[in-house]
Amino acid sequence: MNRAVMRVSRIRVGRLLQDKLHVFWMQICLVLVFILPFILVAGMLYKSLLLIEAQPLTELLFSKTWKPMAGRFGFYTFIISSVWVTILALLIAGPICLLTAIHLTQYAKRWVLRVMHPIIDILAGIPSVIYGVWGILVVVPFIGNYLGPFFGKSVSGYSILAGAIVLAIMIIPFILNILIEIFKNIPPELSEASMSLGAGKWQTIKLVQVKKALPGIVSAFGLGMSRAFGETIAVLMVVGNVAQIPKGLFQPGYPLPALIANNYGEMLSIPMYDSALMLAALILFVVVLIFNFASRLIIVKSEKQLA
Amino acid sequence: MIQKKEFEEKFFRVLMFFSTLIIAAALIFIIFSVLYKGLPSISWEMLTQVPEGGFYFGREGGILNAIVGSLYLSTGATVMSFLVGLPLALYMNVHLVRYGKLVNTIRFILDLLWGVPSIVYGAFGFAVMTYFGIRVSLLAGTITVTLFVIPIMVRAMDEILKSVPVGLLESSLSLGSTRAETAYKVFFRQCLPGLSTAVLLSFGRAIGDAASILFTAGFTDYIPTSPDQPVATLPLSIFFQLSSPIPQVQERAYASAVVLVIIILVTSILSRMFSHRYQKNKINF
């Protein structure tokens, strides 16, 4: 009798122990993910403090002089380049995504959606370096040989515009996926009510669906922008990397991520420079975080409203 | 009045049709132009040799170091993020299923982390490495990529596990299994196709990312034999070769791009096949 009881209890203990161990490891993973953002911020802040203490933050952000050897670090040029590229990319990608999302969710036949899904997935999966290669192969020569001369300018093609076009295509799948989700989640009763009152299909889409989806659309664009803001390799390859404030679309620029990628690692001998590049990474992180935070908050809020 | 309305709809329908077409065309155009430029210069020697003496001046050798290095690095990163990601995703959907607020907070944090640019991970990783005096290596690169891939993998798995009906959880628990058994023996099996897709997605992200390994993995002409050696990777190999002024080296960059594109496409097709094949074994409700 005792033997049987012991066996049962041993199995029980083993299983419970197993359960405890699994939960322990799961909780470690959870804590890891929870503290990761704080570690990131703390690490970057710690490194960039050296520079922040030496120069006031306003001067760092709004000064145009970038002379690392003289110890003068003004990020304005790079920030402006980043803003230019990002906004242009959104201007190109935004309308295309919105129109496609409406087409795919309202008008298109089922097979179109079935074909477009893998296309969007693959587009999202292509590495940024491949986009960069494509940019060098196609976009840069196109701007240099055709678009530039068409506007009467002789340009190399390595420009803000090239960066923006490549970025636009990179963020399209990202924005489009969110938009399709949002349009799918609009309750059909709304459209039915609108149509039963005599509105046409297009009127319903324009005045009911898009209006209802507006917070979602805004946040999808916000997320797309933050994606574009931090994209590094593809932009770096086509944007020209000249540290000047771009005066036109065809001029080269030098966005923040490119600055980090080009200089980090070699400049460790100058602690100030090291600190400056870490600050650049911190600026990127904070900007992207704010954009993400705001956009996700809008999505969560509007989801609650719908539900 | 009515005519104007109809015209507006027609006009926008044409616009919509064309924007959909643009997206489809963009993908075909990108893949076609990379293949067109790269395929002629691809050769067997290139795929099976490491760089020789005059490689960076356009002479013999290949990119085997980068191909193998990339596979090492992204396989390592995928395995490591799987070890952290799967338990976390299961924990969120099996153990914490009654704490909706907490789970939503975790999702929120993961989404934020997903948005962090990989260059930030790269710069951070390098800063940590210099602080502790670690040199560029396969292990350092793998860990950096793991950090960057974890949020992607967990969120992808979470989306799948979220769809498991509560009834399955309840019936498993009511039969006396522990939560961990429910997680690994029921949820894991039920979601196997979706989870394998998530793993392949993460693998694709890991192999394609260049910014996070720019400072952490280094670059070398040899295939690493231990984790503390530097490692070459395909994206960086493409990037470096393309910035060379020598045409032959540039040609090779295009050929390397073809290799990377093919790896990505194969991963993508595989993940689609997985999710179709295992669909049959799934319990339907």
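This is a predicted model: local features need pLDDT of at least 70, side-chain atom pairs count only at pLDDT 80 or more; totals for chains, interfaces and linings use all residues.
## Chain B overall

Chain B is built from 11 helices and 0 strands. Read from the N terminus, its elements follow the order α-α-α-α-α-α-α-α-α-α-α.

Along the principal axes, the C-alpha atoms of chain B fill a box of roughly 70 × 70 × 40 Å. Chain B has 285 residues, and 48% of them count as buried. Contacts in chain B between residues at least 6 apart in sequence can be sorted by separation: 77% of them join residues at least 24 apart.

## Domains of chain A

Chain A is assigned domain 1, residues 2–54, and domain 2, residues 61–306. The C-alpha centres of these domains of chain A are 36 Å apart.

Where the domains of chain A meet, 8 residues of domain 1 are in contact with 10 residues of domain 2. On the domain 1 side of this contact in chain A, the classes are 6 nonpolar, 1 polar and 1 charged residues.

## Domains of chain B

For chain B, the assignment gives domain 1 as residues 2–41 and domain 2 as residues 46–281. Taken over C-alpha atoms, the centres of domain 1 and domain 2 of chain B are separated by 31 Å.

The contact between the domains of chain B takes 7 residues from domain 1 and 7 residues from domain 2. The side of domain 1 of chain B that touches domain 2 of chain B has 4 nonpolar, 2 polar and 1 charged residues.

## A helix pair between the chains

Two packed helices are described by the angle between their axes and the distance between the axes. The crossing of α5(A) past α10(B) is left-handed.

From α5(A), the residues that meet α10(B) are A:V129, A:V133 and A:I136. Their partners in α10(B) are B:P235, B:I238, B:F239 and B:L242. By class, this contact of α5(A) with α10(B) has 7 nonpolar residues, with no polar and no charged ones.

How values were computed:
Residues are numbered from 1 along each chain as its sequence is written. Chains are lettered from A and ligands numbered from 1 in the order in which they are written. A crossing is left-handed if the near helix is turned anticlockwise from the far one by less than a right angle, and right-handed if clockwise. Helices (H or I, at least four residues) and strands (E, at least two) are DSSP runs, numbered from the N terminus. Two residues are in contact if their C-beta atoms, placed from the backbone, lie within 7 Å. Ala, Val, Leu, Ile, Met, Phe, Trp, Tyr, Cys and Pro count as nonpolar, Asp, Glu, Lys and Arg as charged, and the others, Gly among them, as polar. Domain bounds come from an automatic or database domain assignment. A residue is buried if 20 or more other C-beta atoms lie within 10 Å of its own, exposed if 12 or fewer, and partly exposed in between; C-beta atoms are placed from the backbone.
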